[in-house]
Amino acid sequence: MPTQPLTPAQALAKAEELCAISEQCEADIRTRLIRWGISRSDADPIIDRLIAHRHIHDRRFAAAYVRDKLNHARWGCRKILAALAAKHISRRIATEALDNEFDGERYAETLFRILRTKARNMERPLSRDDRMRLARFAVNRGFETGIILDTIRDIARDIDID
């Protein structure tokens with residue numbers, strides 16, 4: 001049984017509650033409003049009000065998103081930037097958030113750990129196919145080719161020493 005569409009006032013209250021729970025971006029809220037049965041013409045004033053009251057702030061959202069994906073999901077920079085672009089966050093805001101949160105040493109350590117864990121199940125010494133598997137895995141996680149190749153070289157050397 002389909003639910004009744006929300007009124008604009010109900011949708012605003014629900015959106016404010018959602019924004020109080022976690023950071024939201026304008027695109028995500030707009031999508032939810034439409035899913036809740038709010039017309040595009042009614043959604044614009046709701047979005048404007050949420051922005052005016054600082055419930056939605058794309059810079060704050062981008063910073064929280066980058067922090068979460070770097071530290072918890074262990075994504076690479078390329079995947080994070082692509083995900084923010086999909087959420088209609090400007091390239092400038094996304095790059096700024098990434099620059100503020102990025103720690104090169106920790107980033108390299110994160111890649112080393114996830115690839116080292118993946119390599120544990122592979123035969124020693126690492127075959128060319130195993131190295132390619134590791135590289136594809138890291139590319140899919142959004143890491144850059146240069147750091148991937150360096151890290152795989154380090155892991156292969158460590159495995160050979162073990």
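Trainee: Let's start with helix H6, residues 91-101. Which of its residues are buried?

Mentor: Ile93, Ala94, Ala97 and Leu98 are the buried ones. Keep in mind that we're looking at a predicted model.

Trainee: What do the buried residues of H6 pack against?

Mentor: Their partners are H4 and H5.

Trainee: Then let's look at those two. At what angle do H4 and H5 pack, and how far apart are their axes?

Mentor: For a helix pair, read the angle along with the axis distance. H4 covers residues 58-73 and H5 covers residues 77-86; they pack at about 145 degrees, with 10 Å between their axes. The crossing is right-handed.

Trainee: Which residues make the contact?

Mentor: From H4 you have Phe61, Ala62, Tyr65, Val66, Lys69 and Leu70, and from H5 there are Ile80, Ala83 and Leu84. By type, that contact splits into eight nonpolar residues, one charged and no polar.

Trainee: Now the aromatics. How many aromatic pairs are there in the whole structure?

Mentor: A search turns up four. To read a pair, take the distance between ring centres and the angle between ring planes; planes over 60 degrees apart count as edge-to-face. Take Tyr65 and Trp75: their ring centres are 6.4 Å apart and their planes are at 75 degrees, so this pair is edge-to-face.

Trainee: Where do those two sit in the chain?

Mentor: Tyr65 is in helix H4, while Trp75 is in the loop between H4 and H5, so the pair ties together parts ten residues apart in sequence.

Trainee: Are Tyr65 and Trp75 buried or exposed?

Mentor: Buried is under 20% relative accessible area. Tyr65 has 13% relative accessibility, so Tyr65 counts as buried. Trp75 is buried too, at 17%. Along with Phe61, Tyr65 and Trp75 form one aromatic cluster.

Trainee: What about Tyr107 and Phe143: what is the geometry of their rings?

Mentor: Their ring centres are 5.0 Å apart with planes at 40 degrees, so that pair is tilted. The pair links distant parts of the chain, 36 residues apart: Tyr107 belongs to helix H7 (residues 104-119), and Phe143 to the loop between helix H8 (128-140) and helix H9 (145-161).

Trainee: And how accessible are they?

Mentor: Tyr107 is buried at 7% relative accessibility, and Phe143 is buried at 1%.

Notes. Residues numbered from 1 in each chain as written. Predicted model: local features only at pLDDT ≥ 70, side-chain atom pairs only at ≥ 80, totals over all residues. Heavy atoms only, no water. Axes fitted to C-alpha atoms, helices over the stretch in contact; angles between N-to-C directions. Helix = DSSP H or I, 4+ residues; strand = E, 2+ residues; numbered from the N terminus. Left-handed = near helix turned anticlockwise from the far one by under 90°. Contact = heavy atoms within 4.5 Å. Nonpolar A, V, L, I, M, F, W, Y, C, P; charged D, E, K, R; others polar. Buried < 20%, exposed > 50% of the residue type's maximum accessible area, 1.4 Å probe, protein only. Phe/Tyr/Trp six-rings, centres within 6.5 Å; stacked < 30°, edge-to-face > 60°.
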